[in-house]
Amino acid sequence: MSTLQVSLYRYNPETDSAPYMEEFQIDTQGRDIMVLDVLHMVKEQDSGLAFRRSCREGVCGSDGMNMNGKNGLACITPLSEVVKKGKLTLRPLPGLPVIRDLVVDMGLFYKQYERIQPYLQNETPAPAIERLQSPEERDKLDGLYECILCACCSTSCPSFWWNPDKFVGPAGLLQAYRFLADSRDEATRERLSELEDPFSVFRCRGIMNCVAVCPKGLNPTRAIGKIREMLLANAT
Amino acid sequence: MVTNITNLGRSGLSDWLVQRASAIVLALYTLFIVGYLLFSPGLDYATWSGLFAQTWMRIFSLLAFVSLSAHAWVGLWTVTTDYLKPTGIRIAAQSIIILAIFVFLVWGIQVLWGA
């Protein structure tokens with residue numbers, strides 16, 4: 001038959017003293033649907049289930065979660081990609097405090113994002129129309145600007161698990177490099193001086209979990225390597 | 001910017017550079033020692049002792065020991081800051097590690113020049 005056994009991480013701080021796993025049987029009728037569709041089917045059985053979702057097409061980054069041990073977006077992950085032996089285990093993103101069921105507190109993640117000042121800094125008076133970039137300068141931002149901040153990468157990174165308050169994490173560092181690489185940004189030196197301590201960038205040990213899980217196919221490890229090169233080039 | 005006072009070079013950049021440079025020295029030293037052992041069948045004490053009696057070998061060995069010390073401190077400092085969260089326990093562990101590294105380094109120098 002086409003029954004899928006779904007094992008779900010459940011935790012309601014108002015009624016549960018500890019998190020537990022709950023089993024659900026879902027009839028997929030043999031279709032290769034997305035994990036998010038399965039969650040909606042579970043919610044029909046138990047309307048108390050809490051999870052985040054919005055665009056359901058991999059653009060908003062709301063439904064990042066741990067599916068059979070690997071982080072990803074539930075809305076663009078088909079069952080055929082994750083289900084093993086008719087079983088699907090869903091847990092919240094690892095390393096962040098759980099608010100309820102699959103919903104995590106992203107506070108620390110956003111704090112690290114805020115820390116790298118994710119906006120253009122340019123003191124030169126703006127030209128009448130816009131600040132121009134050559135096609136080559138614009139090309140440098142490809143593979144950087146596409147990040148949707150779903151937190152799949154940072155929450156799969158052991159360095160972020162152990163030091164989420166000090167290590168910026170792959171998502172934040174990808175964005176840090178996005179602004180370091182931008183020809184219109186003038187705060188390169190200030191940005192670099194904020195990153196040269198032993199934690200912010202250098203706690204990365206290059207295990208590339210971030211690259212393995214990124215639903216947008218981005219490469220934070222490469223960006224981190226580029227930041228290290230820039231730090232080295234700027235140092236004496 | 002995260003302030004640190006117990007790591008080797010005060011900056012993550014210098015620690016990172018020290019880690020990589022010392023790794024290269026240790027790789028060269030390891031290759032040399034393994035190669036020497038492989039290409040010296042029937043190695044006896046006199047030959048082994050003679051190798052270490054030469055000044056260049058002593059300098060190479062001391063360079064490897066200093067590299068090992070720096071490499072170990074940067075690496076173990078990282079491990080302790082990852083896994084030992086209570087400050088007292090972490091500082092205590094780091095003190096023991098730095099003392100051990102210091103003792104081994106001085107002992108190594110004594111072995112090199114004491115023969």
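Where the two domains touch, 14 residues of domain 1 of chain A and 14 residues of domain 2 of chain A take part. Contact here means that the C-beta atoms of two residues, placed from the backbone, lie within 7 Å. On the domain 1 side, select strand β4 (residues 70-73) of chain A, which supplies the largest share, four residues. That side of domain 1 of chain A consists of seven nonpolar, six polar and one charged residues. The classes are: Ala, Val, Leu, Ile, Met, Phe, Trp, Tyr, Cys and Pro nonpolar; Asp, Glu, Lys and Arg charged; the others, Gly among them, polar.

A note on what is loaded: this is a predicted model, in which local features need pLDDT of at least 70 and side-chain atom pairs count only at pLDDT 80 or more, while totals for chains, interfaces and linings use all residues. Residues are numbered from 1 along each chain as its sequence is written, and chains are lettered from A and ligands numbered from 1 in the order in which they are written.

Next, show both chains. Their contact involves 15 residues from chain A and 11 residues from chain B. Select helix α9 (residues 220-234) of chain A: three residues of the chain A side come from it, the largest share. By class, the chain A side holds eight nonpolar, two polar and five charged residues.

The C-alpha atoms of chain B fill a box of roughly 55 × 25 × 20 Å along the principal axes. Of the 115 residues of chain B, 14% count as buried, meaning 20 or more other C-beta atoms within 10 Å of the residue's own, against 12 or fewer for exposed and partly exposed in between, with C-beta atoms placed from the backbone.

Last stop: Tyr83(B), in helix α3 (residues 55-83) of chain B. Is Tyr83(B) buried or exposed? Tyr83(B) counts as exposed because it has 10 C-beta neighbours inside 10 Å. An unreviewed UniProt entry places the feature "binding site" at Tyr83(B); UniProt positions are given in the numbering used here, feature names are shortened, and annotations may be inferred rather than shown by experiment.

Technical notes
Helix = DSSP H or I, 4+ residues; strand = E, 2+ residues; numbered from the N terminus.
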